Amino acid sequence: DSQRTDFSICWSIYVGWMPWGYAADQGIVKKWADKYGINIDVVQINDYIESINQYTVGQFDGCTMTNMDALTIPAAGGVDSTALIVGDFSNGNDGVVLKGKRNLRDIRGQRVNLVELSVSHYLLARALESVGMSERDVRVVNTSDADLVAVAATRSVTAVTTWNPLLSEILAMPNTHLVFDSSKIPGEIIDLLVVNSATLKAHPELGKALTGAWYETMSRMQDGASTASASRSYMAEASGTDLAGYEQQLASTEMFYDPAAAVAFTRSAQLPATMQKVAAFSFEHGLLGDGAADAGFIGVETPAGVVGNPSNIRLRFTADFMQMAADGSL
Amino acid sequence: MLEARNLWKRYGDKVVLERISVSVQEGEFVTLVGTSGCGKSTFLKLLLGTETASEGQLLLDGQPVRDEPDSDRGIVFQQYSVFPHMTVLDNVMAARAFARRGLTGYLFGQARREAQGAAMELLHKVGLGHALKLYPHQLSGGMRQRLAIAQALLAKPRILLLDEPFGALDPGIRADMHQLVLELWQSHQLTVFMVTHDLKEGFYLGTRLWVFDKLRHDPQAPDAYGAGITYDLPVGKSDRQTLQAIQADLKEPQHDIQN
Amino acid sequence: MLEARNLWKRYGDKVVLERISVSVQEGEFVTLVGTSGCGKSTFLKLLLGTETASEGQLLLDGQPVRDEPDSDRGIVFQQYSVFPHMTVLDNVMAARAFARRGLTGYLFGQARREAQGAAMELLHKVGLGHALKLYPHQLSGGMRQRLAIAQALLAKPRILLLDEPFGALDPGIRADMHQLVLELWQSHQLTVFMVTHDLKEGFYLGTRLWVFDKLRHDPQAPDAYGAGITYDLPVGKSDRQTLQAIQADLKEPQHDIQN
Amino acid sequence: MKRLLNLQPSRFSRVLLGLLPLALILLVYLVASDLRLAANPDDKLLPSLAQMGDAISRMALEPNRRTGEYIFWVDTFSSLQRLLLGVLIAASLGLVIGLLTGSLPLFGAGFSPLLTILSLIPPLALLPVLFIVFGLGELSKVALIAIGITPFIARDIQRRAQEIPVEQLIKAQTLGANTLQVMIRVLLPQLMPRLLDAVRLSLGAGWLFLIAAEAIASTDGLGYRIFLVRRYMAMDVIIPYVAWITLLAFVLDQLLAWFSRRLYPWHGKGGV
Amino acid sequence: MKRLLNLQPSRFSRVLLGLLPLALILLVYLVASDLRLAANPDDKLLPSLAQMGDAISRMALEPNRRTGEYIFWVDTFSSLQRLLLGVLIAASLGLVIGLLTGSLPLFGAGFSPLLTILSLIPPLALLPVLFIVFGLGELSKVALIAIGITPFIARDIQRRAQEIPVEQLIKAQTLGANTLQVMIRVLLPQLMPRLLDAVRLSLGAGWLFLIAAEAIASTDGLGYRIFLVRRYMAMDVIIPYVAWITLLAFVLDQLLAWFSRRLYPWHGKGGV
Ligand SMILES: Nc1ncnc2c1ncn2[C@@H]1O[C@H](COP(=O)(O)OP(=O)(O)OP(=O)(O)O)[C@@H](O)[C@H]1O
Ligand SMILES: Nc1ncnc2c1ncn2[C@@H]1O[C@H](COP(=O)(O)OP(=O)(O)OP(=O)(O)O)[C@@H](O)[C@H]1O
Ligand SMILES: [Mg+2]
Ligand SMILES: [Mg+2]
């Protein structure tokens, strides 16, 4: 209904999404919401999957997630979703780690501990592809992210694929080697704020307020800003580490501090190509649902073109709101 | 007042009581004896309404007895007759509270004070005046049964049922209890049915003694026949021979000490 | 054979037994009576070795009795005397198995067959020959106590302690048990100590009757003084007056039926 | 009309009454599911019975495309194996510890405080230490289950051992039994049915720990599958799996009860 | 020398014996920690006592820079609040359900099968549904705890209600009591100490559910903190937190036991 003024979004703890917590706590979100005459509730959910599920069943109007999960959970679940803000892409934030071996090829025949069906799984698939192997050459062991660091410390674990901060914790252990990371596939693992398409359509003010709040936060974080250190410290604490640890994670994250860069990325022709790969991977692993006859079953719309079935579009990338931010018209 | 007409009680195939026809007048004191498991407690349950007869009728003032317990018929069991979570005084006051048709069974204000007075009076009468604040587990067995009887009497039942109430008591205390029951019986004009294991107790207390026993016996099928009332004695008129005959029936030890 | 020298037993401040000095010859049958809580069971526990005297000595053949149970002294309690998880036969065979110094308490092969034979013989003797395969909960109270006694006898104790073994039994069954105990006592040449609530039982069974009672009494401090042996009667020489005197002491009901 | 307190349903109406709330819940589910699916046919939260049937028949009756296995049965087998092994270890340990601490006062004094503390530690919080000690294979999953329920069983058995009337221990000693004989022939057999009871009571926790363990590092199992498909919210798999777990738990429970009645006919028949 | 079975430790040696295994475990930990830290000073698995002390004093004694709160106490307060609220709700529901099903045969027939089934469903597997029904606020955490332990408490209370000698119910009725009066004055008060016992038994599960709930959706609480620092394997925080949870659980347990003895002096004193 068009009278709605109360909205809520959820986020979970991850380097690229910590700004949401900061923005909520520091009143930035409220400031922007007030500007557009609405209320936005920003809720932290610790369990990443649970946050997406809650968004998918309609408990939230928006949620932070990666491009792959946006395709396989809400979109595959019939919820038409729009990627409102492209916050960053992983540029080394996800990686494949071997113990005692320095070459990715040595992974053949090993058991690889990772969160199955997550972006780590996708990264592994891409890594194997890069050396002419496939998933059949390894054995994937599903391991919950909460336990991954502890698991990696045990002798029986020889190969791990994961994201930060788990990745850096594991790499800090003796005799571990990073043999592949997301900087080798730049721009393929993207961190988004996804909102319900119908809601966004009916309430563009929600999109505007969120985008405005996000880029104000970005500017506070940016190198050179007087608030940079304070805001980053704040986010570091909230994610359970210290400034140095958080900076380390940021270093391997390609944050789009500048909305214009995000707009350019979103409009690039690389995005549909990436989504094509992600869809292929997802289909292969049965993530698109039983109704999916092929990888193109679900349509993904990007400014540079549609991927998959254009009559079944469920995931839309838009640069419109970020463009407004770039233009300073919010 | 109370009349049984060809009463039978079966549990499945097992016949417990059979062909009981008997009538009892207001104010009688009936004692029931019989071997273990012959159905004395079952008969009390029929009177109480917690079991129903398989056949025949049990009439109170010509009406079938009500098929669930009510305040017409009080009972004292060998065990579990008092409420363990209430003090002695509360146990008796609860009887008062239950008698008024409230929702919760609690008393307040004036009604509470009245009930307290009545309860304390009765407790003094049964010799528990010094133990008002104690819980049942702090009482001796005899005191507990006194309490159970006091409680039962406060509901002013017409019929008082006692199921081996003194079976677990010491001989000395038992004698006191006999005294108490006889007094209360007379002063409250009760009709009493009392089951006992002790034949002498039965003789001493009752105005009428019933002996329950099997009328017929089939060694092949011990459950085929139930017990009936084999002796119905107006006590006082019985003599030593009758006692000995019953004792022989019930296999009571024969060896009295020489005297 | 057994001698108590100025025996005292206290639990904290509470004196239960005091100044007990007595001696018993091999083959005597001592029955112990007294009011509830006066310390009869405590005295048996001292004999058994599960409690130790606070003061004084208890000597067996001039040596202090061993301070834990052993096969010299058998016991039958009112309850819990048999093993509920073993059949009647196993219960008795277990006694045999325990008698051999094995690790597990199980018997095998030849030893097992022998024990089985002995157990069955004894069980027939006590009238349980038809119930070998039953579990204790399937037995009546009397059968259970027979079993407990059979079990105790198989360990060939010199002294047999019985703590109200028949307190829970029907009068008829009790008489049979008396017979059994007397037979076994004579044939096994036991020394028996038996606690009973029933004074007459005490008179009938024992060769010697002990009455436990407080020697002194302080109404202000009921725990200050313990019980001692107030009567020590060679039974058979006692007469009716003694019985009545004791009955008065113990407040046994006085109302025998007229005869 | 009798008081509500005294009203006994007949055998037939007892069954009917028992089914009533279950049927009601099913009805509520079906209606809710229908409403959601009408609004969004791709909704995943409350799948229809047909969808669940499809999903399960696919997993139980068709070999998996990638592995060629019948996933549902592989999951069931793996989970049951872990659960039973874990419970077996917990039961054995619990029995031994409970027997020793419950019958020997010296042991009891030594280990009771430790047992109390162990039973209060939330085992899930100490997972990392478990991994280091037990590795990551089947062992750690079984160990989590065992560690999770052993303290409970041990404490229960300890209390039960102490409840066995001291008269029996005395009697055995008067028959000549030594400590070991008393423990093996008097206490142990009587503790067995109580052990079965304790196991029944702790099966619920056992399932919980199993599911938690399978979420950690695993390639099959009922808990693994639930966690895996949670990633794309396949409630059409999760709900039947949960129902299946419930059914398995129920069957296990009844089986143990039946065993107990069968093997220990004397159990629970009152003190003799 | 007495048989082991009969050897009773003195009061003093009882305390000593009780402390012995605890001291041993501490010693083993210290040695293992020392060895690991000697090999790799950055090892995080088994921190030294000093490291743990540092971490906790930082969290308990210094205000957090970000929020200005004393994190440790805020966590403790939030968790206890959730736990107690959840347990309170479970106890109330369990009492009412148990009382009704245990005393009224009609209710019992209707709800016993449902209760059995509910008590067997592993609640963790249905978390998504729970969160959707109860939202993600405090309510859902409290609800998870309540849902997790209510069936257990209800079944226990039901069984306990059925154990109350029928003689008492009959006696009350012969004194004129109606159904409601019997339930309120005879059954309810006698079930209260049993309720406290049931709550004590289910506190362990309560903590488990609390930790699980806080790991999914929360911004403070003991479980949340453990979840948060687990990804850095900060055992110097996790171990003291687990110890603290254990201590809290122990204190709660003892407090309930004390209450029960205090308020219900007649409880457990044998049938009268
Ligand atoms: N609910 C029941 N179902 C089946 N049989 C029963 C039931 N209640 C009692 N009985 C049987 O009925 C018979 C009589 O039992 P009852 O309790 O009336 O005997 P009793 O004369 O009171 O014995 P006691 O002197 O031991 O109290 C017994 O054989 C008993 O097993
Ligand atoms: N372990 C104990 N601690 C403290 N007091 C005890 C203990 N055991 C027994 N008593 C007390 O010692 C007294 C004697 O108990 P005992 O069991 O010997 O009496 P009894 O003569 O056998 O009584 P009954 O005829 O009831 O069996 C009782 O007052 C009892 O309360
Ligand atoms: Mg009876
Ligand atoms: Mg005694």
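Good morning. Chain D can be laid on chain E with an RMSD of 0.3 Å, by a turn of 180 degrees and a shift of 0.0 Å along the axis; the superposition is by least squares on the C-alpha atoms of residues with pLDDT of at least 70 in both copies. The two copies are thus related as by a two-fold rotation axis. Of the residues of chain D, Ala205(D) comes closest to that axis, its C-alpha lying at 3.9 Å. The same surface serves both copies, since 98% of the contact residues of chain D recur in chain E, where contact means heavy atoms within 4.5 Å.

A word on conventions. This is a predicted model, in which local features need pLDDT of at least 70 and side-chain atom pairs count only at pLDDT 80 or more, while totals for chains, interfaces and linings use all residues. Residues are numbered from 1 along each chain as its sequence is written, chains are lettered from A and ligands numbered from 1 in the order in which they are written, and side-chain values use heavy atoms, with hydrogens and water left out.

Let us turn to a pair of helices. Helices (H or I, at least four residues) and strands (E, at least two) are DSSP runs, numbered from the N terminus. Helix α1 of chain D, residues 11–39, packs against helix α4 of chain E, residues 105–120, at an angle of about 50 degrees, with their axes 7 Å apart. Axes here are lines fitted to C-alpha atoms, for helices over the stretch in contact, and angles run from 0 to 180 degrees between N-to-C directions. Among the residues that meet are Leu17(D) and Ile25(D) from α1(D), and Phe111(E) and Leu114(E) from α4(E). The residues of this contact divide into ten nonpolar, two polar and one charged; Ala, Val, Leu, Ile, Met, Phe, Trp, Tyr, Cys and Pro count as nonpolar, Asp, Glu, Lys and Arg as charged, and the others, Gly among them, as polar.

Next, chain A. Gln249(A) is found in helix α11, residues 243–251. Is Gln249(A) buried or exposed? At 3% relative accessibility, Gln249(A) counts as buried (under 20% relative accessible area, with exposed over 50% and partly exposed in between, for a 1.4 Å probe and protein chains only). Its contacts, not counting residues up to four places away in sequence, include Asn164(A), Pro165(A) and Tyr232(E). Asn164(A) and Pro165(A) are themselves joined by a cis peptide bond, with omega about 5 degrees.

Finally, Arg19(C), in strand β2 of chain C, has a positive phi near 45 degrees.
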